[in-house]
Amino acid sequence: MQDDYALGDPLFAVDALRRIETQAALRLGDAAELMRRAGQSAWQVLLAHWPQARRIVVVCGPGNNGGDGYELACHAHESGRDVTVVRLPAHAPHGRLAIDAAGRYTGTGGRVVDSGERLSEADLIVDAMFGIGLSRAPEADAAGLIDAINAAGVPVLALDVPSGVDADSGAVPGAAVRAERTVEFIVAKAGLATGRALDHAGICKVAGLGLIADDFAGTSPRSTRLQAADLMRWLQPRRRDTHKGGNGRVLCIGGDHGHGGAILLTAEAALRCGAGLVDVVTRPTHVPALLARRPEAMVHGVDDAALSDSLLDGCDVIAIGPGLGQEGWGRRLFEQALCSDRPLVLDADALNLLARKEARPGAQAVLTPHPGEAARLLGRTTQEVQADRFRAAEELACRYGCVVVLKGAGTVIAAPGERPRVLAAGNPGMAVGAWGTCCVA
């Protein structure tokens, strides 16, 4: 259907989806056909996951997403279910497709009301208010209905996009539906793969609606999504005839007074990922704990903040920042690492130090900020970063000329001139100090 994206599932922006829909409608010769297929596909998802649902409430907005909801309501009504369409107050359907879909539903005797007072009595609520058509905070009447849906204590199936979620960025600027499942039409939306959207979309399933390759001509995805299994492309099995010197040497730098655990976890992560040799530069007071926990690490206690040429020349990559601090000791180690010709992984305080100076760490570097660190690097607020994680990661990659791993739910990976990728791995249990570095290293 789509081009070969080399690796990962394609994620599309709204503009690309609209072009695909237009081209498909022209090919089919009937613009309403896609809406009928969407309603049918959503009905099949409903039957597959809530086959016992008898009382179904479909909350319909005035646009095409509402039209999809009316089409689903037709199927549910014809099957003998007790169906009620709750219309967004004072927002009758507009546009020929939505009006016709609403007419088909009411023509079969379907019930339409303007109040959602009895939402809690339903077995299932279907959210068909806005879909991809809303990228701002819902107005008061819509926000009130969304709040009522969330408070009903009833499973919710969202059509295409949970209402109130920005389909491009994943931002939630106001009230937004929390769905148990979302059926996405035609393509997966980039915004539903990262940030706050993940807590609203639930389990997502794409219904392709029978489109063909010609419908996708001239469009390309906004991003691609990587699953944990995709990482095996880079983490290849070792050859049987191998030795420690052939599996890379990592130099880990960090752990000022009181912060030795962070660099310990970094070293441990490097070893778990398969590094053959791992050196650690840290304060002397942390050496015993590191050796007790990881005796295979080569730990160097340093108080004078001077890296030897043998350490710098002997390593293949430097991971610096966890527990480094921003005082004199950490600053001097950071400057030495930055001036080396080695690939760098910069995290934690290394990123904070980078934000305070005009420097580009080189094309071989990898920056691994969480949203707060990304905000400092960009001179913005954390809220602005989270409002569009794709754009933030891409701007950082452009500014610093290297790979950026913007951590968080739906980690975004960006590089200059490359399509960003989203990592659909990890879990909320990783939201603990130092674990981000442990998993990136």
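With which residue does Asp 341 form a salt bridge, and how far apart are the closest N and O atoms?

Mentor: Asp 341 forms a salt bridge with Arg 342, and the closest N and O atoms are 2.9 Å apart. The model is predicted, so local features need pLDDT of at least 70 and side-chain atom pairs count only at pLDDT 80 or more, while totals for chains, interfaces and linings use all residues. Residues are numbered from 1 along each chain as its sequence is written, and side-chain values use heavy atoms, with hydrogens and water left out.

A salt bridge here is a side-chain nitrogen of Lys or Arg within 4 Å of a carboxyl oxygen of Asp or Glu. As to the surroundings of the two partners, residues are called buried under 20% relative accessible area, exposed over 50%, and partly exposed in between (1.4 Å probe, protein chains only). Asp 341 is exposed because its relative accessibility is 59%, and Arg 342, at 21%, counts as partly exposed.

The structure holds 24 salt bridges, and some others may be set beside this one. Arg 118 and Glu 121 form a salt bridge whose closest N and O atoms are 2.8 Å apart. Here Arg 118 is exposed, with 61% relative accessibility, and Glu 121 is partly exposed, with a relative accessible area of 37%. Arg 294 and Glu 268 meet through their side chains in a salt bridge of 3.3 Å, N to O. Arg 294 lies in the loop between helix H8 (287-293) and strand S12 (298-301), and Glu 268 lies in helix H7 (residues 260-272), so this pair ties together parts that are 26 residues apart in sequence. Helices (H or I, at least four residues) and strands (E, at least two) are DSSP runs, numbered from the N terminus. Both Arg 294 and Glu 268 are buried. Salt bridges also link Asp 30, Glu 33, Arg 36 and Arg 37 in a network.

Aromatic side chains supply a further kind of contact. Rings of Phe, Tyr and Trp (its six-membered ring) pair if their centres lie within 6.5 Å; planes under 30 degrees apart count as stacked, over 60 as edge-to-face and the rest as tilted. The structure holds two aromatic pairs. Phe 12 and Phe 216 form a tilted pair, with 6.4 Å from centre to centre and 55 degrees between the planes. Phe 12 is in the loop between strand S1 (9-11) and helix H1 (14-28), and Phe 216 is in the loop between strand S8 (203-207) and S9, so the pair ties together parts 204 residues apart in sequence. Phe 12 and Phe 216 are buried. Tyr 70 and Tyr 105 likewise form a tilted pair, at 6.2 Å centre to centre and 50 degrees between the planes. This pair links distant parts of the chain, with Tyr 70 in helix H3 (residues 64-78) and Tyr 105 in helix H4 (residues 96-107), 35 residues apart. Tyr 70 is buried, with a relative accessible area of 2%, and Tyr 105 counts as buried at 0% relative accessibility.
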